[in-house]
Amino acid sequence: MKHSLLTASLFVGLLVPAFASANPEPTAYDTRSIGMGLTGVTFLDRPAALALNPANLEGIPKLGFTFNFTGLLVNQTAPVQGPGTSVSSGLGFGPLPSGFIAGRIAPRVVFAGGIYIETGYGSSFSGVKCLDGAPVTPNPSSQPDPRPDNWVPATETSDPRCSNPQPEDLNVTFFVGEFAAGFSFRVHEKFNLGLALRLPFSKQTADLYQNVGAALGNPFYGRVKNDLGGVGTPALRFGFTIKPHRKVRISAMYRMATKIKLTGETETRLSPDPEFPPLQLKSEADWFIPHAVAFGVSYQANSHLLLAFEGRLQFHGADKSGNQNQTVIASNDGGVVSTVVVPFGWENTWSAKVGFEYRFTKDLLALRLGANIAKSATSGAFAQYFTPPPGLSGNLAGGLGFYWDDRNDPSIKDKYVLDIGGAFAFTTGDIGNEYIGTTAVIPGTNTDVVLCSDEQVVRTGCPGNYKVLTYWASLSFTLQY
């Protein structure tokens with residue numbers, strides 16, 4: 001029983017921070033899209049349309065290629081050292097590469113394939129001395145103090161148990177990507193349909209220091225390492241574009257939910273005694289990519305000015321295909337050790353976006369600007385170190401496009417395109433004392449847990465300042481004729 005409980009607790013600690021990256025998911029498939037506020041569902045008619053709205057592949061004359069690289073620098077702030085503290089992770093790097101190819105195979109049909117990253121994240125808290133307000137590695141000559149149920153952690157400077165701690169690091173990297181193949185079909189001069197088949201895949205690594213003894217009623221901290229990955233169930237993406245006027249496009253995209261089966265290994269200790277050998281476990285977990293809908297209108301005012309207005313909904317709060325919780329199975333050579341439900345408590349999210357592009361007279365250069373606002377999927381009761389704060393987030397973006405025609409064939413316009421762009425995204429908010437010490441039901445279960453307490457491997461709902469700052473830098477090259 002103790003083995004089972006401890007295994008359950010360590011998996012809660014591992015999987016919650018690793019999967020809670022950022023949301024809504026970044027649409028970092030094309031630099032033009034990024035520079036215009038992550039829009040593109042209505043107007044992007046390049047090969048990257050496969051990942052935004054496959055109906056717009058119709059805009060490719062004969063053949064096209066796009067190669068894109070986007071780097072994210074993420075700085076996280078959270079009360080890692082106990083309620084009321086503020087600890088910065090420093091900048092963590094997340095690369096988001098993508099590549100697409102598309103070609104016209106019939107007068108009305110364009111076929112495309114691609115690989116891209118849906119969500120990428122990497123972050124760490126370095127040199128943490130008093131995780132949760134308790135000593136990370138107590139002085140070997142001292143014994144850990146018993147903690148009453150109403151114990152509130154003190155700061156490092158005022159708590160004698162933190163007088164001589166050994167700093168520890170918390171590191172997480174995670175991404176979800178997709179292989180995709182699809183096509184567009186021109187039903188009418190003013191109506192295009194698109195469909196894409198997606199095959200998701202994911203990789204997660206974590207090296208954390210956690211309260212792995214929480215489920216035993218005798219809290220103790222220890223290192224937990226894991227390496228998980230897997231391929232998901234194929235799913236579809238649908239899209240359409242209507243052109244009621246030569247200057248106006250109305251578009252929508254629907255992404256079906258799918259599940260990724262993650263497998264791998266986990267290493268931890270069952271005892272605070274450093275002489276106790278580490279435990280090697282096989283681990284399995286499911287991760288859901290939820291249903292999503294995007295829609296918008298774009299207006300090509302003239303040959304120079306383009307405006308786009310778009311919105312997006314993601315259903316993380318869905319009962320069977322969202323991210324309310326996660327089932328984790330741990331096993332060894334003797335069989336299944338435990339099955340545990342990991343709480344997430346994520347909610348449905350929305351985002352509203354606006355994009356602007358102005359192409360100058362000589363057609364060589366385009367200026368792009370954009371902005372969006374989004375609701376975080378994180379709920380206050382289950383907010384923790386690696387999740388964005390609950391509330392609203394903002395994104396400001398800009399970029400440039402450089403166009404070159406084919407010198408050997410002047411009739412081919414904009415054959416080569418180089419795009420550069422960047423963005424700054426921010427989510428910030430404070431959580432007060434409304435959750436600390438309260439009892440909440442783990443989403444999707446009948447199990448209670450005391451929030452911001454030593455009952456939790458990773459404390460959630462703790463008061464303090466939560467903040468995420470993300471810096472985007474993107475470059476892409478497109479050849480199309």
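This is a predicted model: local features need pLDDT of at least 70, side-chain atom pairs count only at pLDDT 80 or more; totals for chains, interfaces and linings use all residues.
In which sense do strand β4 and strand β5 pair, and over how many bridges? Good morning, colleagues. Strand β4 (residues 168-188) and strand β5 (residues 191-210) pair in the antiparallel sense over 17 bridges. Strands here are DSSP runs of E with at least two residues, numbered from the N terminus, and two strands pair if DSSP finds at least two bridges between them.

Residues are numbered from 1 along each chain as its sequence is written, and side-chain values use heavy atoms, with hydrogens and water left out.

Let us return to the strands. A hairpin of 2 residues links β4 to β5. Within this pairing, Glu178 has Pro200 of β5 as its bridge partner. β5 also pairs with strand β7 (residues 235-245), in the antiparallel sense and over 8 bridges; there, Phe191 has Ile242 of β7 as its bridge partner.

A nonpolar patch of about 790 Å² includes Ile105, Phe183, Phe240 and Ile242 among its residues. Patches of this kind consist of Val, Leu, Ile, Met, Phe, Trp or Tyr residues with over 30% relative accessible area and no salt bridge, their side chains joined within 5 Å. A salt bridge is a side-chain nitrogen of Lys or Arg within 4 Å of a carboxyl oxygen of Asp or Glu, and accessible areas come from the Shrake-Rupley method with a 1.4 Å probe. β4 and β7 each supply at least two residues of the patch, and β4 gives the most, with 3 residues.

From Ile105 to Phe183 the C-alpha distance is 9.7 Å, although the two are 78 residues apart in sequence.

Finally, consider Gln480, in strand β21 (residues 464-480). Gln480 is buried because its relative accessible area is 14%. Leaving aside residues up to four places away in sequence, Gln480 touches several others, including Asp45, Pro61, Ile412 and Lys415, where contact means heavy atoms within 4.5 Å. Thank you.

Notes:
Helices (H or I, at least four residues) and strands (E, at least two) are DSSP runs, numbered from the N terminus. Buried means under 20% relative accessible area, exposed over 50%, partly exposed in between (1.4 Å probe, protein chains only). Patches are made of residues with over 30% relative accessible area and no salt bridge: like charges are joined within 9 Å, nonpolar side chains (Val, Leu, Ile, Met, Phe, Trp, Tyr) within 5 Å.
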